[in-house]
Amino acid sequence: MRTAEAVSIARTLRAGLILAVIALAVWLLADIATLIFAAVLAAVVLRGASDALSSATRLPNGLAFALVGVALAAAGAGFVAWLGPQIEVQLAELVRSLMHFLTTEAAASGFWGHLLDRARAGLASHGFTLVGDSTRRVVVHALGGLSSVLLIFVTALYLGATPGLYVRGFISLVPIPRRPRGLEILAELTAVLRRWMFGQLIDMMVVGVLASVGLSLLHVPMALALGVLAGVLTFIPYIGAFIAAIPGVIVAANVGLPTVIWVIVVYLACHLVEGYLVSPLVNRQMIYLPPALTVFSMVVLGYVYGPLGVILATPMTACGLTLVKEIYVRDMLGDHQVAGLVSHEPDRMRHAGKA
């Protein structure tokens, strides 16, 4: 009995040491870790779409993946050619309006001026100013962001095109007796990421379309750009809705107080529809995280990884909960009856019969 307890304690300590080493490596390589995770997330989505196409049409996996890639590239090019010039003009005007508000009108108000002074002081501590060399710095940051997006996209293509190669390489690091279980956990992580991402894409499209239509009906300037921004920021739970509303309210303030009120109503209506109608229907087949846990993870990961940590906080948390459920609760504690931690649906109990 003592021998079994000693073995259990040794396994627990070994698992804790491995997790600590992984956590330290992730902390030290924060920027690289977030880029890799973003690439894996994109690869999972691309592979999920190609697998669905392959199942529906019986096409080879490689051909289906190529068709999905070409279709996405064509859709992106068509969107840019159709709406790109209009969005570019509107975004440029939106940026000018925001900069004008930050540098002139806000300073005239005691409350806004106080907030602006504090923002300027914080930005100045990081070498960034709202005037002077701000344009150059914005261009530098924009180019850096574009290079990161390109890196993520190219890496996702390689990962999605030959996932088995990378899975086999990763599993080879696991002890031989545990490799089948490792493959099961990787499959569960892939399913969680895929369900979450497809659910987010549906929410983003709904909010983007509703916001664009609502703002256009109100004759708000730059309605399309504001709608696209609202849809994109829906990717960030809770916080994104508030961030997206700020530019819309500022633009509407140049029209009049009634327009400001109606713009606020439009944003509230969009996110009420998304939160109480679309998300419950989508999340029955996708995944769900407790709101308090989501917000807490955004704060922590935002502190560790910066803005990209806030953006990726929800899928990272979903993966973390899945690993806790599969490795700690099921494998180490032996509780095979645990319900799903990131889903509305009861867990499938894939291992319930293995006792």
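This is a predicted model: local features need pLDDT of at least 70, side-chain atom pairs count only at pLDDT 80 or more; totals for chains, interfaces and linings use all residues.
Biologist: Fine. Which residues is Leu215 in contact with, leaving aside its neighbours within four places in sequence?

Modeller: Val220, Ala223, Leu226, Gly227, Val263, Val266 and Tyr267. Leu215 also belongs to the largest nonpolar core, which has 46 residues; Leu215, Leu41 and Tyr267 touch the most other members. Helix H7 (residues 179–217) gives this core its largest share, 9 residues.

Biologist: What makes a set of residues a nonpolar core?

Modeller: They have to be buried Ala, Val, Leu, Ile, Met, Phe, Trp, Tyr or Cys, joined through side-chain atoms within 4.5 Å.

Biologist: And why is Thr234 called buried?

Modeller: Buried means under 20% relative accessible area, exposed over 50%, and partly exposed in between (1.4 Å probe, protein chains only). Thr234 has 8% relative accessibility, so it counts as buried.

Biologist: Where is Thr234 found?

Modeller: In the loop between helix H8 (223–233) and H9. Leaving aside neighbours within four places in sequence, Thr234 is in contact with Gln200, Asp203, Met204, Val207 and His271. Its side chain also reaches the backbone oxygen of Ala230 at 2.7 Å.

Biologist: Why is Val299 called exposed, then?

Modeller: Its relative accessible area is 57%, over the 50% mark, so Val299 is exposed. Val299 lies in helix H11.

Biologist: Which residues form the nonpolar patch on the surface?

Modeller: Tyr238, Ile239, Ile243, Val295, Phe296, Val299 and Val300, with about 620 Å² of accessible area together. Nonpolar side chains (Val, Leu, Ile, Met, Phe, Trp, Tyr) are joined within 5 Å, while like charges are joined within 9 Å. Areas come from the Shrake-Rupley method with a 1.4 Å probe; for residues, only the protein chains shown count as cover.

Biologist: Which helices each supply at least two residues of the patch?

Modeller: H9 (239–253) and H11 (291–305), with the largest share, 4 residues, coming from H11.

Biologist: How many helices and strands are there in the chain?

Modeller: 13 helices and 0 strands. Helices (H or I, at least four residues) and strands (E, at least two) are DSSP runs, numbered from the N terminus.

Note on methods. Residues are numbered from 1 along each chain as its sequence is written. Side-chain values use heavy atoms; hydrogens and water are left out. Patches are made of residues with over 30% relative accessible area and no salt bridge: like charges are joined within 9 Å, nonpolar side chains (Val, Leu, Ile, Met, Phe, Trp, Tyr) within 5 Å. A salt bridge is a side-chain nitrogen of Lys or Arg within 4 Å of a carboxyl oxygen of Asp or Glu. Contact means heavy atoms within 4.5 Å. A polar contact is a pair of N or O atoms within 3.5 Å; within protein, one must be able to donate a hydrogen and the other to accept it, and residues adjacent in sequence count only if both atoms are side-chain atoms.
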